[in-house]
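Welcome, and thanks for taking a look at this one. Here is a short briefing to read alongside the sequence and the model.

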Amino acid sequence: MTGRLRPAVVVAVLLLAILAIAGVALPVAPAAAHPLGNFTVNRYSGLVVAADELRVHHVLDLAEIPALQAEPDVDSNDDASFSPAELATYAASTCRRSASAMTATVNGRAVPMTVETSTAERLPGQGGLSTLRIECELRADLPALSPGDRLEFRDAAADDRLGWREITARGDGVTLTAADVPEQSRSDELTAYPEDLLDSPLDQRAATLELRPGGPRLTAQDGPSAGEASRGGGLTAAFTALAGSAERSGAWWSLLLILLSVVVGATHALAPGHGKTVMAFYLAGRDRSARAALTVGATVTATHTAGVLVLGLIVSASATFAPASAYPWLTAASGALIAVVGLVLLRDARRSRARRRAAASTADPSQQPVTTAVGHGHRHGHDHGHGPGHGPGHDHGPGHDHGTADGHSHGHGHPHGPEASRSGLIAIGVAGGLLPSPTAVVVLLGAVGLGRPWFGVLLVLAFGLGMAATLTAAGLLVLRTRRHLEQRRRTRGLPGPLAAALDRLPVLTGTVVFVVGVVLTVRGLTGALGG
Amino acid sequence: MRRYVVTVLLAVAMVVGAGVALGGPSAPAPTPVSGANPAALSRVGGDRLDDLIAGLQSHLRTQPKDARSWATLGVAYVEQARLTGDPTYYPKAEGVLRRSMEEQAQDNEAALTGMAALAAARHDFAAALAWTDQSLEVNPASARTWAVRTDALVELGRYRAAQRAAVRADDLDPGIPTFTRLSYLAELHGDLDEAERLLRLARRSARTPSDVAFVRVQLGDLARRQGRLSAAESHYAAALAARPDDVPALVGRSHVAAAEGTLDKAITLLTEAVTRLPAPEHLITLGELYAASGDQERAEEQYAVVRGAARLAEANGVSTDLELALFEADHGDPAAAVRAARAEWARRHSIHAADALGWALHAAGQDREALRYARSATRLGTKDARLLFHRGMIETALGRVGAARRTLRAALAADPHFSPLRAPIARRTLANLGRS
């Protein structure tokens, strides 16, 4: 059985790795034509609501045919080329036209939009033609806002032509309590149109926002981190808003924020991510005590806190560094780490199986199949636990008997050394904590912005503790489940497939950990190099 | 609850999907009334199509094995491309239809018919015909497959087979898709009364706004070409009342304005139309309106955009439109026009392919060969002023005075205002022929 298993496992791992790579790499294929068709005029309006003004970053992307149609308007001296002056004039008049086609109202009262800056750029298109990209910075004065104010925005020019129509909205010192448009641009401001068979071009022509004064300021690199933080859901958004709100301070308030940090950190670790999954599998596959779970938790907290602090330092020190650019690399690094851990797990699983087989054949030749032998190995390995997590083992009396009856099993459980598995645990912890949570970064920067950097560090630490608590709890849960299953097998026996799965757990978990690592690495690298 | 929603969605998708595909004839292209944007669009127009697409997209995200829904979505994308003029949907449609065939490799009639409609929309009529062959093997009694087949056969110039296919579709499931197709065939054969009768039938069964707009535009075009301008105008107005941004209706009104001699109004209307949908044929017409009003500079601006569109088509590997071949003959390089038209003639022997090749040869000075194709272009007895004008001018160039006089008179009788640039040329030439 074991002889059959090994090649099968190798093939499965390879197959999964290939699938993972293909799945990650395919969507990156480039498109020659304008992704949205040569006829389209694509428009994006990025709204930022501040306490006293509405800023709109408006982008127009004219595909080849509309760009040709615009040519007579751009080329005012008819010399068939576009001088910088001609482009500037064209940009200015286009932005004026765009501004006049937009209506923004606060509680039904219109606020007039004016053009601050405008640029136009000619980019190479298909068939030797070119496309035009026009960017406008528009603004409107806002009246003094009070909670519950409604801001409505509409771009009437969007009705005219085919194309991608996108609006995003964010607050800057103002909280959007409700918005029917997202914070983040799906097309990265008309530079990368998603190409999915199940997606139609976006068609947002209007936005309605509900406002409340107060909230975090946008950081210099307003983009990705702020956007991602808000995607974390209502709790996270509320938390970042709270942490950033300038009006309040005081001991109780601070304590509340720290507690909230712990909670948000804990829920953050619950959100889909790879750290926990990997750790859970890691613990499930090895014979581990609850101490292992704690080790991982502590490492995650330390790594995550350090990572957020470093990223925060870089961001506040440099005006041009975008945190988003670091994420793919960090993802790749943590993926590589996980993959290595997965390989080590697989190697260990193979070795211990070989050992068990040897033990089974010498010690107990009459006993049949390897399954029993493997079962033995597990039982020993697992009953040695001394740590705080021993509780569940005790509950099941019979299991305990087995453990004590088999003294030398300790030797079997650990021959590959506590050091090796310890470093594996730390590696998992580092991998899990390596990706700084955007929320934590925003909170830190917010605190720095308020002039309370140490408080920010404290919040990040609390956040990391919360994460660690969840991760440790998840690890313990996995351990406990496994112990329970093994206990049951000894007392009452398990249905065949479940027992077989339990036996192959080390190989299985090694494979999963490795594949997750490979997928993360590839995704990180394609993001870093392709994007 | 969720199961209920999915069931309803599927039911709607199947009903509407059937309608879409049945409507979904092909190729717009050369002819004004052509299967162009037939009842197809109409069936599920505008918002309903958007809703259908959105519903299918979210359904397929959770049920990606549903071959039937993939096929319906593919057909809906083809319709969306036709309705909006947005060609981005074609590659999407192809991807989705191929996915459907992966999920269900055998007897996937819906996907096969979808591929046929897609090929026709992309002007690959031979491929469209081949897809319908496959689809009919699965289900020989599918009205929608016969309808798509009709379009392919019409554009390939196999009019008798097309007529049979349209009758077959009509026997299986009479409705707007079959009435408009039969009407178009009657019009091609010069039987305008029958064409009008069939369109009135279609109008009676038109319910949705896009159906109404589509049939009204057909009726308007038919009336306009017979010089009944006020009847045409009221049809276009009704179309715009049903669908306020209907581009074909705007174009129709612009033609009426031009026929009435109000070129400024015609230009304003057509400018709005090409802002919404910069299709080469409309850009050419706009350029010619400017030229007729004496603004050669503006005319050239429009022609420049048309040339850009031609370069794009070439870069995309799309066979040049017959409209673009005619444009080259009139405003560009006659040799290039002959090359493009010959290539198209090698692919299909429709009367419009013949017309383009004949006119291109005329522009290149090869009138003797041109006449052969001009005769082929008028072989059905179509009362189309442009086809007759081209033939008449070729006959004039060859010195066949009697024939030229007859043909040019027929052209002006078919539509005295067929073109602000060419109708005056036809009159002048006729006058000169009369004197000689």
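How many aromatic pairs does the structure hold over all chains? Counted over all chains, there are five aromatic pairs. Please keep in mind that this is a predicted model. The points below begin with two of these pairs, then move on to other local details, the individual chains and the contact between them.

**Aromatic pairs in chain B**

- A pair of aromatic rings is described by the distance of the centres and the angle of the planes.
- Tyr77(B) and Tyr89(B) make a tilted pair, because their ring planes meet at 45°, and the ring centres are 5.5 Å apart.
- Because Trp359(B) lies in helix H20 (residues 351-363) of chain B and Phe389(B) in helix H22 (residues 385-397) of chain B, their pairing ties together parts that are 30 residues apart in sequence.
- Are these two residues buried or exposed? Trp359(B) has a relative accessibility of 7%, so it counts as buried, and Phe389(B), at 2%, counts as buried too.

**A buried serine in a loop of chain B**

- Where is Ser419(B) found? Look in the loop of chain B between helix H23 (401-414) and helix H24 (422-435).
- Ser419(B) counts as buried because its relative accessible area is 6%, where the cut-off for buried is under 20%.
- The side chain of Ser419(B) reaches the backbone nitrogen of Arg422(B) at a distance of 3.0 Å.

**A charge over a ring in chain A**

- In chain A, the ring to look for is that of Phe82(A): the charged end of Arg122(A) sits over this ring, 3.7 Å from the ring centre.

**The two chains**

- Chain A has 18 helices and 10 strands, whereas chain B has 24 helices and zero strands.
- In chain A, 48% of the 531 residues count as buried; in chain B, buried residues make up 58% of 436.
- Of the contacts in chain A with a separation of 6 or more, 78% are between residues 24 or more positions apart.
- For chain B, 58% of the contacts between residues at least 6 apart in sequence join residues at least 24 apart.
- Chain A has an accessible surface of about 24,100 Å², with 63% of that area belonging to carbon and sulfur atoms.
- Chain B exposes about 17,000 Å², of which carbon and sulfur atoms supply 52%.

**Where the chains meet**

- The size of an interface is often given as the accessible area lost when the parts come together.
- Here, chain A and chain B bury about 2,400 Å² between them, and 60% of this area is on carbon and sulfur atoms.
- Which residues of chain A lose the most area to chain B? They are Phe39(A), Leu197(A) and Leu198(A), which together account for 28% of what the chain A side buries.
- The contact involves 27 residues from chain A and 33 residues from chain B.

Note on methods. Residues are numbered from 1 along each chain as its sequence is written. Chains are lettered from A and ligands numbered from 1 in the order in which they are written. This is a predicted model: local features need pLDDT of at least 70, side-chain atom pairs count only at pLDDT 80 or more; totals for chains, interfaces and linings use all residues. Side-chain values use heavy atoms; hydrogens and water are left out. Helices (H or I, at least four residues) and strands (E, at least two) are DSSP runs, numbered from the N terminus. Buried means under 20% relative accessible area, exposed over 50%, partly exposed in between (1.4 Å probe, protein chains only). A polar contact is a pair of N or O atoms within 3.5 Å; within protein, one must be able to donate a hydrogen and the other to accept it, and residues adjacent in sequence count only if both atoms are side-chain atoms. Rings of Phe, Tyr and Trp (its six-membered ring) pair if their centres lie within 6.5 Å; planes under 30 degrees apart count as stacked, over 60 as edge-to-face and the rest as tilted. A charge sits over a ring if NZ of Lys or CZ of Arg is within 6 Å of the ring centre and within 35 degrees of the ring normal. Contact means heavy atoms within 4.5 Å. Accessible areas come from the Shrake-Rupley method with a 1.4 Å probe; for residues, only the protein chains shown count as cover. Buried area is the accessible area (1.4 Å probe) that two parts lose on being put together, summed over both.
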